[in-house]
Amino acid sequence: MTPMQQRILIEARDWIGTPYVHQSARKGAGTDCLGLIRGLWRALYGQEPEPVPAYSMDWSEPQGEERLWDAAVRHLLAKPLDHLAPADVVLFRMRSNAVAKHLGIVGQTGHHPTFIHAYSGHGVVESPLSLPWRRRIVARFTFPEEAI
């Protein structure tokens with residue numbers, strides 16, 4: 001594992017236990033899945049790359065816009081879907097034909113893969129990356145070595 005991957009995982013795991021709060025991004029106080037990624041970005045680079053407009057729980061579903069995916073493409077480095085690696089950012093589509101609207105960080109791979117995410121009703125947790133979750137992954141990214 002690279003030093004960058006180690007740093008990302010240490011920071012992501014430090015968020016575990018943070019309550020789920022929609023549109024928030026404060027370790028220990030409250031976050032949603034995007035807020036977790038925003039918090040990791042701040043820990044790695046100092047400031048967020050762009051202001052985040054207010055967003056609803058439906059994540060642009062009525063408009064059919066992939067706003068979360070588009071933002072990931074602007075600031076993270078895309079990777080092929082095969083061969084997940086620790087510290088990868090994974091983007092999930094929660095329902096067929098819906099926009100992708102959930103993010104997580106791969107915690108470990110192998111026989112017992114996990115991912116760290118802020119999940120409504122649970123807060124930030126490290127969950128098994130079970131087959132139902134893996135089937136929902138639509139994109140995979142990594143943080144750049146330096147802010148883009």
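Good morning. At 34% relative accessibility, glutamine 23 counts as partly exposed. On the scale used here, buried means under 20% relative accessible area, exposed means over 50%, and partly exposed lies in between, with a 1.4 Å probe and protein chains only. The structure is a predicted model, in which local features need pLDDT of at least 70 and side-chain atom pairs count only at pLDDT 80 or more, while totals for chains, interfaces and linings use all residues. Residues are numbered from 1 along each chain as its sequence is written, and side-chain values use heavy atoms, leaving out hydrogens and water.

Let me stay with glutamine 23 for a moment. Its phi is near 70 degrees, a positive value in a residue other than glycine. Glutamine 23 sits in the loop between H1 and strand E1, residues 25-26. The labels H and E refer to DSSP runs numbered from the N terminus: helices are H or I runs of at least four residues, and strands are E runs of at least two. Histidine 83 also has a positive phi without being glycine, here near 55 degrees. Histidine 83 is placed in the loop between E3 and E4, and because its relative accessibility is 66%, it counts as exposed.

I turn now to the sheet. In what order do the six strands of the open sheet lie? The order is E3-E8-E4-E5-E6-E7, with antiparallel pairing; two strands are said to pair if DSSP finds at least two bridges between them. Strand E3 (77-79) and strand E7 (123-128) are the edge strands, each pairing on one side only. From one strand to the next, the twist averages 35 degrees. Angles here run from 0 to 180 degrees between N-to-C directions, and axes are lines fitted to C-alpha atoms, for helices over the stretch in contact.

Four bridges join E4 to E8 in the antiparallel sense, and leucine 91 stands opposite alanine 139 in E8. E4 and E5 pair over five bridges, where valine 89 stands opposite isoleucine 105 in E5. These two strands form a hairpin with six residues between them, and asparagine 97 in the turn has a positive phi of about 65 degrees. E4 is mostly covered, with four of its five residues buried.

Next, E5 is joined to E6 by three bridges, and the bridge partner of valine 106 is phenylalanine 115 in E6. Their hairpin has five residues between the strands, with glycine 110 in the turn at a positive phi of about 95 degrees. Six bridges then join strand E6 (residues 114-119) to E7. Tyrosine 119 has glycine 123 in E7 as its bridge partner, while threonine 114 has proline 128 in E7. This hairpin holds three residues between its strands, and glycine 121 in the turn has a positive phi of about 85 degrees. Five of the six residues of E6 are buried, so E6 is largely enclosed by the rest of the structure.

What lies across the sheet? Helix H1 (residues 3-14) lies across strand E5 (100-108), E6 and E7, running at about 115 degrees to E5. Helix H2 (residues 33-45) lies across strand E4 (89-93), E5, E6 and E7, at about 55 degrees to E5.

Eleven of the 13 residues of H2 are buried, including Arg38 and Trp41. Just after H2, glycine 46 takes a positive phi of about 100 degrees.

Finally, the interior. A nonpolar core is a set of buried Ala, Val, Leu, Ile, Met, Phe, Trp, Tyr and Cys residues joined through side-chain atoms within 4.5 Å. Which residues touch the most other members of the largest core? Of its 29 residues, they are Val89, Leu103, Ile105 and Phe143. H2 gives the largest share of this core, eight residues. Leaving aside neighbours within four places in sequence, phenylalanine 143 is in contact, meaning heavy atoms within 4.5 Å, with residues including Met4, Ile37, Val89 and Ile105. A second, separate core of seven residues includes Phe92, Leu129, Trp133 and Ile137. Thank you for your attention.
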